[in-house]
Amino acid sequence: MEPLDLSEYAWDVKVRRLTMDDFDDLVAMQQQCFPGMKPWGREQIESQLAIFPQGQLAIEIDGKLAATANSLILDYDPSLEWHNWQAVSDSGYIRNHHPKGDTLYGIEIMVSPDFRGMKLSRRLYDVRKEICRERNLARIIIAGRIPGYHLHAAEMTAREYIESVEERAIYDQVLTAQLANGFSVKGLIPDYLPSDKESLGYATYLEWANLDYRPGAKRRFHHAVEQIRVCVVQYQMRRVNNFDEFAHQCEFFLDTASDYKCDFVLFPELFTTQLLSCVEARQPGQAARQLSEFTPQYLEFFSEMAIKYDLNVIGGSQFVVEHDTLYNTSYLFGRDGAIGKQYKIHITPSERKWWGVTPGEKVEVFDTDCGKIAIQICYDIEFPELTRIATGKGAQMIFVPYNTDTRHGYLRVRNCAMARCVENHLFVAISGCTGNLPFVENADIHYAQSGIFTPADVEFARDAVAAECNPNVETVIIHDLDFEQLRRHRESGSVQNWNDRRRDLYRVTYEEDGRLFEV
């Protein structure tokens, strides 16, 4: 069997500036999103791009325009007609754009109906927030539609409707998303867009405050923080009847991680073996190869979920057959649509005996939107040379999906993960399975206590444990980590293991792509 072509499952997601080449698609999307409302004219978009191109944004998915956002910068003036979008935006021409102003005004955000439910508005709002931080702007002000109001207008006023949405009693596809992105309602605007029949002409006046804003500063105030948020799943193995049931369980954790605005989510090694409970029982070696037949569905599911929930997903690991050879492979599903893979390099005696797994031959380091990371599957973390190689390639964090049946096996993974943190000044997250799978040989019992570990020094968590699950309970842990803190620790920590290596006495030498390298 030939290796699967990952490009067939990858998505191509680009957040970029809007261009005039997008105009026809932009108008078509606007007519879909706001039927009955007058769409943008070519002269308006040309003017926006000429005056403030950085504020005109687009998301492109697989070559198709999926979402857009338009904005300008103004000086905040309480007497300005913020309720009148035509006055504030110069009827969409933004000739009143003030580069040295203190407020970003969002004219419009649109998401194509074909791509809704994928949190694309969050990506656009995140770019707008970054514009505020980079330019030291105090706030974002927007006026938002309330398209669900017409369904409730007979029973409540617009004010009561907005309060119900704020209290989560009613879902509004626009206002709910804005509240989730940190905006607060400052007022209600009647007759904002009389042609907006769904909102009955009403709009909300909302504001997001930039907590990094420094009055009088001419450039961005740089925090010495490079924070990422990590979610680790401790997953309970249970019988499933089909792949859809497995996917449903996984999506629960992905949705949870997304709700907490995580950057990464980590699943355990071979948690896909629960799919063996819904196929005909066979000898373990045959069962492992039968499990690999789910790989196309697995790839399709997780690649779509990474985009939908705006997450970088380490999808545990899965058996894959390539050229009739069985591998234990972990996949990284990027929220930009890219897919990377890491083969397990060290195979345990039981994996060889029961399943006939073949080892991989290369340490991969993945350059994500949050920094460089590596994946080491279970047993691999117990070999310090692999983490040395990954660190030499720039990795700042190691993700370890593992699967152990006893506390002794778990402790080997945990203790070695903590040692790798000390040796290389990096973070390590480990994720394991709990629960039982009766009648699934070599995957019948599980022991796990998943965690996130740090170097052992005064600036890090006590006991070098950033977060840790209770043992053998299905749960998640979520924790913020700071890559800039790692850099400072490597340079000025109490001990500097990486810098103090005696390379005159010993080195790690490895072969890759026919060449010899040293760390």
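Residues are numbered from 1 along each chain as its sequence is written, and side-chain values use heavy atoms, with hydrogens and water left out. Because the model is predicted, local features need pLDDT of at least 70 and side-chain atom pairs count only at pLDDT 80 or more, while totals for chains, interfaces and linings use all residues.

We can start with the sheet. Seven strands form an open sheet in the order β1-β2-β3-β4-β5-β7-β6, with mixed pairing; strands are DSSP runs of E with at least two residues, helices are runs of H or I with at least four, and both are numbered from the N terminus. Two strands count as paired if DSSP finds at least two bridges between them. At the edges lie β1 (13–17) and β6, each pairing on one side only. From one strand to the next, the twist averages 25°.

Within this sheet, β4 (residues 103–111) runs parallel to β5 and is joined to it by four bridges, with Tyr105 opposite Ile141 in β5. Strand β5 (residues 139–145) pairs with β7 in the antiparallel sense over seven bridges, and Arg139 has Ala209 of β7 as its bridge partner. Strand β6 (residues 184–189) is likewise antiparallel to β7, over five bridges; here Leu188 stands opposite Thr204. Strand β7 (residues 203–209) is largely enclosed by the rest of the structure, because six of its seven residues are buried (under 20% relative accessible area; exposed is over 50% and partly exposed in between, with a 1.4 Å probe and protein chains only).

The loop between β6 and β7 holds Leu200, which is partly exposed at 42% relative accessibility. Its C-alpha is 6.4 Å from that of His150, although the two are 50 residues apart in sequence. Beyond neighbours within four places in sequence, Leu200 is in contact (heavy atoms within 4.5 Å) with Tyr149, His150 and Ala153.

Turning to the helices, the axes of α7 (residues 243–259) and α9 (residues 295–308) come within 11 Å and cross at roughly 25°. Axes are lines fitted to C-alpha atoms, for helices over the stretch in contact, and angles between N-to-C directions run from 0 to 180 degrees. The crossing makes α7 roughly parallel to α9 (an angle under 35 degrees). Residues that meet across this pair include Phe243, Phe246 and Leu254 in α7, and Tyr298, Phe301 and Met305 in α9.

Technical notes. Angles under 35 degrees count as roughly parallel, over 145 as roughly antiparallel, 65 to 115 as roughly perpendicular and the rest as oblique.
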